[in-house]
Amino acid sequence: MPLPKRQLSPLIRKYLSVSRPAQAAARGLGELKPVEPAARRDGAPLLGDDQVYVMKYGTDFHTAWCQVVADNWDRGPRGLLVTLFVDVGARTRCTECNRHAKAARASAAQEYHLQPRPTPDPAPPDAVIPLKVMGLAHGILFLAAGQEYRERLKETAVERATPLYVDGRRDGMVVRLDCARDEPLLVVQMDPRATFRNGPYQVRLRHPLRRSATKPYAVECVESVEPAP
């Protein structure tokens with residue numbers, strides 16, 4: 001005599017009727033690939049780099065321990081998994097996690113704007129020094145400063161790509177500063193396309209870039225000067 005079939009309770013039937021569509025929907029979003037969390041605290045998994053929380057039959061992924069994750073952990077810890085962000089498939093980001101991320105970015109931006117900005121250093125004394133042409137040979141222009149500026153130019157560095165300007169055009173690049181002479185000499189490599197102008201020049205000084213502050217001053221640029229009428 002066959003045994004009677006066991007009747008499921010209404011509660012179990014209701015659970016099965018709800019969980020089967022949820023399982024099918026979750027499978028359609030991509031295969032879950034659980035990974036070991038970066039760490040655990042009181043048994044709860046903690047995320048590492050590029051890791052997110054997912055629910056076994058959920059349609060969302062979570063980038064933080066939000067209220068949804070906490071509730072699922074309380075109800076059924078086995079259903080909370082950790083996977084890599086690249087493996088979330090078609091799952092969408094949790095709206096609460098998204099809201100928290102936007103709030104954190106806004107707070108960080110507000111804090112950045114409230115931080116005091118450093119004020120630019122004032123220009124050094126004798127920031128502009130007159131120069132005269134000493135000669136031009138093989139595309140190298142030699143410009144000399146007066147003896148009274150020798151000590152100041154001894155404290156001055158030439159940083160990379162320091163320009164020579166003529167009528168606002170970049171016509172060359174300062175390559176060296178020689179203070180061994182009584183009249184300090186600035187050596188400029190002319191651009192081959194530039195036309196040499198024989199006349200007065202001047203050098204502008206500034207404080208050096210912080211990453212190369214070997215001396216208290218640096219050459220900002222050398223520029224031609226229109227002769228006085």
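Me: In what sense do strand 8 and strand 12 pair, and over how many bridges?

Reply: They pair in the antiparallel sense, over five bridges. Pairing here needs at least two DSSP bridges between two strands, and strands are DSSP E runs of at least two residues, while helices are H or I runs of at least four, all numbered from the N terminus. Before going on: this is a predicted model, where local features need pLDDT of at least 70, side-chain atom pairs count only at pLDDT 80 or more, and totals for chains, interfaces and linings use all residues. Residues are numbered from 1 along each chain as its sequence is written, and side-chain values use heavy atoms, with hydrogens and water left out.

Me: OK. Which residues in strand 12 are the bridge partners of Ala144 and Phe142?

Reply: Ala144 has Leu185 as its partner, and Phe142 has Val187.

Me: How many bridges join strand 11 to strand 12?

Reply: Six, and those two strands run antiparallel. One of the pairs is Leu177 with Leu186. A hairpin of six residues links strand 11 to strand 12.

Me: Why is strand 12 called largely enclosed?

Reply: Because five of its six residues (strand 12 is 185-190) are buried, the rest of the structure largely encloses it. Buried means under 20% relative accessible area, exposed means over 50%, and partly exposed is in between, with a 1.4 Å probe and protein chains only. Strand 8 is mostly covered too, with four of its five residues buried.

Me: What about strand 7 and strand 8, how do they pair?

Reply: Antiparallel, over five bridges. Ala137 bridges to Ile140 in strand 8. Their hairpin has two residues between the strands, and His138 there takes a positive phi near 55°.

Me: Is His138 buried or exposed?

Reply: His138 counts as exposed because its relative accessibility is 82%.

Me: Which residues of helix 2 are buried?

Reply: In helix 2 (67-75), Val69, Ala70 and Asn72 are buried. Seen down the axis, the buried residues fall within an arc of 165°, so they line one face of the helix; that arc is taken over directions from the helix axis to the C-beta atoms. The face turned away from the buried side carries Asp74 and Arg75, which are exposed.

Me: Last one: which residues form the nonpolar patch on the surface?

Reply: Leu84, Phe85 and Val86, with about 290 Å² of accessible area together. Phe85 sits in the loop between strand 5 (80-84) and strand 6 (92-93), and Phe85 is partly exposed at 44% relative accessibility. Patches take residues with over 30% relative accessible area and no salt bridge, joining like charges within 9 Å and nonpolar side chains (Val, Leu, Ile, Met, Phe, Trp, Tyr) within 5 Å. A salt bridge is a side-chain nitrogen of Lys or Arg within 4 Å of a carboxyl oxygen of Asp or Glu, and accessible areas come from the Shrake-Rupley method with a 1.4 Å probe, where for residues only the protein chains shown count as cover.
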